[in-house]
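Welcome! Please take a look at the structure shown here, and then we will walk through it together.

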Amino acid sequence: MSWISRSPDETRRIAATLGERLLAERGGFVMTLVGELGAGKTVFAKGLAEGLGIDPDAVSSPTFVLAQELPTKSGSRLVHADFYRIEDPRELETAGLDDWLESDVFLLVEWGERFPEMLPADRVQIRIEPGDAPEERRIQAEAGGVDSNDLLEDWRKRCP
Ligand SMILES: Nc1ncnc2c1ncn2[C@@H]1O[C@H](COP(=O)(O)OP(=O)(O)OP(=O)(O)O)[C@@H](O)[C@H]1O
Ligand SMILES: [Mg+2]
């Protein structure tokens with residue numbers, strides 16, 4: 001499944017639709033964001049947060065902080081993490097990975113592919129790549145299992 005986004009706003013809108021579906025249907029979820037520096041992972045995270053009823057301005061780039069935790073309007077949590085600076089997976093355990101994998105957490109990880117073995121296989125992976133124009137991005141979503149595949153199907157229907 002893939003989309004072409006032509007602006008940061010469009011990326012946010014696509015992500016917000018996904019966030020709304022997540023809020024409507026799930027108590028928690030795991031998702032990784034993959035793409036080079038400046039691809040738009042944090043822009044996507046802000047949109048997803050918005051869909052979960054969180055002020056997108058509260059979502060910062062956690063590159064210097066491992067993770068930030070934000071309450072959603074349904075009473076669960078968004079944990080926005082960034083594995084860019086992690087060198088050893090044991091750092092994740094110390095930082096509270098077990099807690100982020102609780103069933104009521106929407107876990108969104110930038111650079112999550114750096115330690116895939118630390119995350120459940122049944123997750124959605126979003127890949128963001130540059131397009132032909134400066135503000136163009138190709139957004140691809142892949143499911144790693146049955147549950148994440150269900151979610152992607154539903155998202156595609158709402159964001160064709
Ligand atoms: N279509 C688009 N979608 C998303 N961002 C875009 C788009 N077009 C331009 N941009 C710009 O690209 C930049 C993306 O920055 P962002 O911080 O989201 O990247 P990132 O992938 O999180 O990088 P990092 O790996 O450093 O965390 C922003 O300045 C944004 O305005
Ligand atoms: Mg970022």
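## The metal site

Which protein donors does the magnesium ion (ligand 2) have? They are Thr42 (OG1) and Glu110 (OE), lying 2.1 to 2.2 Å from the ion; donors are N, O and S atoms within 2.8 Å of the metal (3.2 Å for Na, K and Ca), and water is not among the atoms, so sites may look incomplete. Thr42 belongs to helix 2 (residues 41-51) and Glu110 to strand 5 (residues 105-110), 68 residues apart. Helices (H or I, at least four residues) and strands (E, at least two) are DSSP runs, numbered from the N terminus.

Thr42 counts as buried, at 17% relative accessibility, and Glu110 is buried at 3%. Buried means under 20% relative accessible area, exposed over 50%, partly exposed in between (1.4 Å probe, protein chains only).

## About the model

This is a predicted model, where local features need pLDDT of at least 70, side-chain atom pairs count only at pLDDT 80 or more, and totals for chains, interfaces and linings use all residues. Residues are numbered from 1 along each chain as its sequence is written, chains are lettered from A and ligands numbered from 1 in the order in which they are written, and side-chain values use heavy atoms, leaving out hydrogens and water.

An open sheet of 7 strands runs in the order 1-7-6-2-5-4-3, with mixed pairing; two strands pair if DSSP finds at least two bridges between them. Strand 1 (2-5) and strand 3 (67-71) stand at the edges with a single partner strand each, so one side of each has no neighbour in the sheet.

Strand 2 and strand 5 pair in the parallel sense over 5 bridges. Phe29 has Phe106 as its bridge partner in strand 5.
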